[in-house]
Amino acid sequence: MDHTADGHAQVVREEQAIQHPLGVYFKIWILLFILSAMSYAVDFFQVQGYLRWFLILMFMVLKAGLIIAVFMHMVWERLAMVYFILVPPALLLTLVAIGALEADWTFFQRGVYFLKELILEAPVSPHH
Amino acid sequence: MSTETMAPDSLELKPGMDGFFDDWSSDQLAFKEVPWGKAMMWIFLVSDTFIFGCFLASYMTVRKSTLEPWPSASEVFALSFGGAPIPLILIAIMTFVLITSSGTMALAVNYGYRKNKWVTFWLLVTTAVLGATFVGMQVFEWSKLIFEEGVRPWGNPMGAAQFGSVFFMITGFHGFHVSIGVIFLLIFSYKVARGHLDDQTQGWFTKRGGNYEEIEILGLYWHFVDLVWVFIFALFYLW
């Protein structure tokens, strides 16, 4: 098995993988703990408004980036694979944009419809 | 003649963008130096990203479009240990449990490549135990919400009815992923302990010879499950 081309490639890959020092994993681990604690702190201390959104999204992106880059070995992959993985999910932003537009429209329509219902159901005033 | 002079050059893998164009235009395998199983796992994970992406996008849509107030996750998921209720504490503990399991998984992959059988085995078992703990806490969370708070997929006493359907669908699907992961962690703990990866024993399902690259592929799945939780924690529980 080791004499075939595939076997040789595998040995090379194993040698490369061993070169990742263990210390990197521990550092990222500790960072993930700190970032999680900080995002929990956002809720614990009831930070509100735009600052809350900003902090939540920032900690989320940082944590996701660390997991993908180091734990999932993305920093050690060739660009041919990195782009195949990271570019297609960017399409989801289009879906989010369409969803946000539609949700606003639905919200508006519901407001109009339910308001009309409330007016029709209201008891007729004796003055009219 | 020109092909002869081309041959030694094309065998060399270039770094950076040159390598990117070479790899994709090589008319062969696009993913150089990547084992077959790993490329397949990444394809699966990208498709799974779209599934969870659709769930989270629809969650945004229903939450933005409801007229009723959205229940406060901070209060709904608060727990009291004798004293005043601590907001969101169960979810915070679940997050730390899952991150810890991701760390032990990353170490298991590295020790696997070092062919350190027993350290790999115990790290995999630890990861499985932490994963099972996570699922256990989720069962507790679900039963508390269903039996004590009266949350249903079609309604709840706290506010917008969509809260229940979104909660059960997203956390249920994620919990299902964790459960499948725990099962595969246990299967691979067994394979490592029995020396199947050292001896390249044929697997019962794929019939391919075992090797420690499989631990990295399993690791990719497990880290992905942790990754999805990062997004659920931020967008559903904290938002």
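Visitor: How many helices and strands does the secondary structure of chain A come to?

Guide: Keep in mind that this is a predicted model. Chain A comes to five helices and zero strands. Read from the N terminus, the elements go α-α-α-α-α.

Visitor: What share of the residues of chain A count as buried?

Guide: Chain A has 128 residues, and 33% of them count as buried. Taking contacts in chain A between residues at least 6 apart, 54% join residues at least 24 apart.

Visitor: Which residues is Ser36(A) in contact with, leaving aside its neighbours within four places in sequence?

Guide: One partner is in chain A, namely Lys63(A), and from chain B there are Thr95(B), Phe96(B) and Ile99(B). For a sense of distance, take Val75(A), which is 39 residues from Ser36(A) along the chain: the two C-alpha atoms are separated by 22 Å.

Visitor: And what does Ser189(B) touch?

Guide: Ser189(B) is found in helix H7 of chain B, residues 162-193. Not counting residues up to four places away in sequence, Ser189(B) touches Phe121(B), Leu124(B) and Val125(B). Its relative accessibility is 3%, which is why Ser189(B) counts as buried.

Visitor: On to salt bridges. How many does the structure hold?

Guide: The idea is a side-chain nitrogen of Lys or Arg within 4 Å of a carboxyl oxygen of Asp or Glu. Over all chains, the structure holds seven salt bridges. One of them joins Asp43(A) and Arg52(A), at 2.8 Å from N to O. Both Asp43(A) and Arg52(A) are buried.

Visitor: Which parts of chain B does the pair Glu216(B) and Lys38(B) link?

Guide: The side chains of Glu216(B) and Lys38(B) form a salt bridge at 3.0 Å, N to O. The pair links distant parts of the chain, with Glu216(B) in helix H8 (residues 213-238) and Lys38(B) in helix H3 (residues 36-65), 178 residues apart. Glu216(B) has 8% relative accessibility, so Glu216(B) counts as buried. Lys38(B) is buried too, at 7%.

Visitor: How far apart are the closest N and O atoms of Lys144(B) and Glu149(B)?

Guide: They are 3.2 Å apart, and the two residues form a salt bridge. Salt bridges that share partners also join Glu77(A), Lys38(B) and Glu216(B) into one network. Back to the Lys144(B) pair: Lys144(B) is at 15% relative accessibility and counts as buried, whereas Glu149(B) is partly exposed at 24%.

Visitor: Now helix packing. At what angle do H5(B) and H6(B) pack?

Guide: The angle is about 160°, and the axes are 8 Å apart. Angles over 145 degrees count as roughly antiparallel, so H5(B) and H6(B) are roughly antiparallel to each other. The crossing is left-handed. In the contact of H5(B) with H6(B) there are 17 nonpolar, nine polar and one charged residues.

Visitor: What about H6(B) and H8(B): how do their axes cross?

Guide: Those axes come within 13 Å and cross at roughly 30°. That is why H6(B) is roughly parallel to H8(B). H6(B) passes H8(B) in a left-handed crossing. Residues that meet include Leu124(B) and Phe134(B) in H6(B), and Trp222(B) and Trp229(B) in H8(B). By class, the contact of H6(B) with H8(B) has seven nonpolar, two polar and one charged residues.

Visitor: What is the phi of Glu33(B), and where is Glu33(B) placed?

Guide: The phi of Glu33(B) is positive, about 60°, although this residue is not a glycine. Glu33(B) lies in the loop between helix H2 and H3 of chain B. At 41% relative accessibility, Glu33(B) counts as partly exposed.

Key. Residues are numbered from 1 along each chain as its sequence is written. Chains are lettered from A and ligands numbered from 1 in the order in which they are written. This is a predicted model: local features need pLDDT of at least 70, side-chain atom pairs count only at pLDDT 80 or more; totals for chains, interfaces and linings use all residues. Side-chain values use heavy atoms; hydrogens and water are left out. Buried means under 20% relative accessible area, exposed over 50%, partly exposed in between (1.4 Å probe, protein chains only). Helices (H or I, at least four residues) and strands (E, at least two) are DSSP runs, numbered from the N terminus. Axes are lines fitted to C-alpha atoms, for helices over the stretch in contact, and angles run from 0 to 180 degrees between N-to-C directions. Angles under 35 degrees count as roughly parallel, over 145 as roughly antiparallel, 65 to 115 as roughly perpendicular and the rest as oblique. A crossing is left-handed if the near helix is turned anticlockwise from the far one by less than a right angle, and right-handed if clockwise. Ala, Val, Leu, Ile, Met, Phe, Trp, Tyr, Cys and Pro count as nonpolar, Asp, Glu, Lys and Arg as charged, and the others, Gly among them, as polar. Contact means heavy atoms within 4.5 Å.
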